[in-house]
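Subject: The structure, and what turned up in it

Hi there,

Here is the structure I promised to hand over, with my notes below. Could you have it open while you read?

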Amino acid sequence: MFRIGLLLATGCAVVAAQDTWGGLNFGMTETEAQAALKGRATKSIRDVASEQPFWDSGFYAPIQVTDVKVSNIPGKANLLFDRKTKRLCRVNVNLDLASTSPVPPAMYESTITENLTGKYGRPVVDYHCDAEYCSAKWKDGQQVIDLAILRERGARGDRVPRLIGIVYTPASKPGDDI
């Protein structure tokens, strides 16, 4: 399965206790992350090859949060840890617009962007699109938030959003990952 969040590859320079998605902190161990997710629906994906990063990144994904909902779009979040330090260094949130019927997927494209802007402020890289892909980037304190929307040809020949990826990574110093 094509996972758009995994397209946005960056390194992992973690400063301990950097806040990120879902009450987690970059630099947490797996045990700390599981404790922080208490009450959330999670599953182990350590041995699920299709859920692991497919590029040689030095990451592994042992935990998936399955009760994710962003702007009423269901999805999942894979927590990625550094192979060497065994610390949380990335969160990939993937939303599938196929499950949003009967609401047209195009309505969610602007809603997601507006919600992220409301939460993190004006993007540091403005929202822009080509025929198949839209993206934007925000920076909030010590983290960078990348939005990627994959579009496909709709029934009328127009391009409509299909998959949405939101990737949270730490910024180790001002200007990193921007």
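Of the 178 residues of the protein, 46% count as buried, where buried means under 20% relative accessible area, exposed means over 50%, and partly exposed is in between (1.4 Å probe, protein chains only). Please keep in mind that this is a predicted model, in which local features need pLDDT of at least 70 and side-chain atom pairs count only at pLDDT 80 or more, while totals for chains, interfaces and linings use all residues. Residues are numbered from 1 along each chain as its sequence is written, and side-chain values use heavy atoms, with hydrogens and water left out.

Let me begin with the overall layout. The protein has two helices and 10 strands; these are DSSP runs, numbered from the N terminus, with helices being H or I of at least four residues and strands being E of at least two. Going along the sequence, the order is β-β-α-β-β-β-β-α-β-β-β-β.

Strand S7 (residues 125–129) and strand S8 (residues 133–140) pair in the antiparallel sense over three bridges; two strands count as paired if DSSP finds at least two bridges between them. Val-125 has Lys-137 in S8 as its bridge partner, and a hairpin of three residues joins S7 to S8.

How many disulfides are there? The count comes to one, taking a disulfide as a pair of cysteine sulfur atoms within 2.5 Å. Cys-129 and Cys-134 form it, with their sulfur atoms 2.1 Å apart. The link between Cys-129 and Cys-134 is right-handed, with 110 degrees about the S-S bond. Are its two cysteines buried or exposed? Cys-129 counts as partly exposed because its relative accessibility is 38%, whereas Cys-134 counts as buried at 0%. If you are thinking of labelling cysteines, Cys-89 also counts as buried, at 0% relative accessibility.

Next come the salt bridges. The structure holds six of them, each being a side-chain nitrogen of Lys or Arg within 4 Å of a carboxyl oxygen of Asp or Glu. I describe some of them here.

- Arg-87 and Glu-32 meet through their side chains at 3.8 Å, N to O. Arg-87 sits in the loop between strand S5 (73–82) and strand S6 (88–96), and Glu-32 in helix H1 (residues 30–36), so this pair ties together parts that are 55 residues apart in sequence. Arg-87 is partly exposed at 33% relative accessibility, and Glu-32 is partly exposed with a relative accessible area of 39%.
- Glu-51 and Lys-76 form a salt bridge at 2.9 Å, N to O. Glu-51 belongs to the loop between strand S3 (42–44) and S4, and Lys-76 to strand S5, so the pair ties together parts that are 25 residues apart in sequence. Glu-51 counts as buried at 11% relative accessibility, and Lys-76 counts as buried at 16%.
- Arg-122 and Asp-126 meet in a salt bridge at 3.5 Å, N to O. Arg-122 is exposed, with a relative accessible area of 65%, while Asp-126 is partly exposed at 41% relative accessibility.

The loop between S5 and S6 also holds Thr-85. Thr-85 counts as partly exposed because its relative accessibility is 47%. The largest pocket has a volume of about 220 Å³. A pocket here is an open set of points on a 1 Å grid over the protein atoms alone, where a 1.4 Å probe fits, with protein on both sides within 12 Å along at least five of seven lines; lining residues have an atom within 4 Å of a point. Grid points are joined across faces, edges and corners, and the volume is the space filled by probe spheres set on the points.

Which residues lie nearest the centre of the largest pocket? They are Trp-21, Leu-116, Lys-119, Tyr-120 and Tyr-168, out of 16 residues in the lining. Strand S1 (18–19), strand S4 (59–70) and helix H2 (105–120) are the elements that give two or more residues to this lining. H2 gives the most, with four residues. By type, the lining has five nonpolar, seven polar and four charged residues; Ala, Val, Leu, Ile, Met, Phe, Trp, Tyr, Cys and Pro count as nonpolar, Asp, Glu, Lys and Arg as charged, and the others, Gly among them, as polar.
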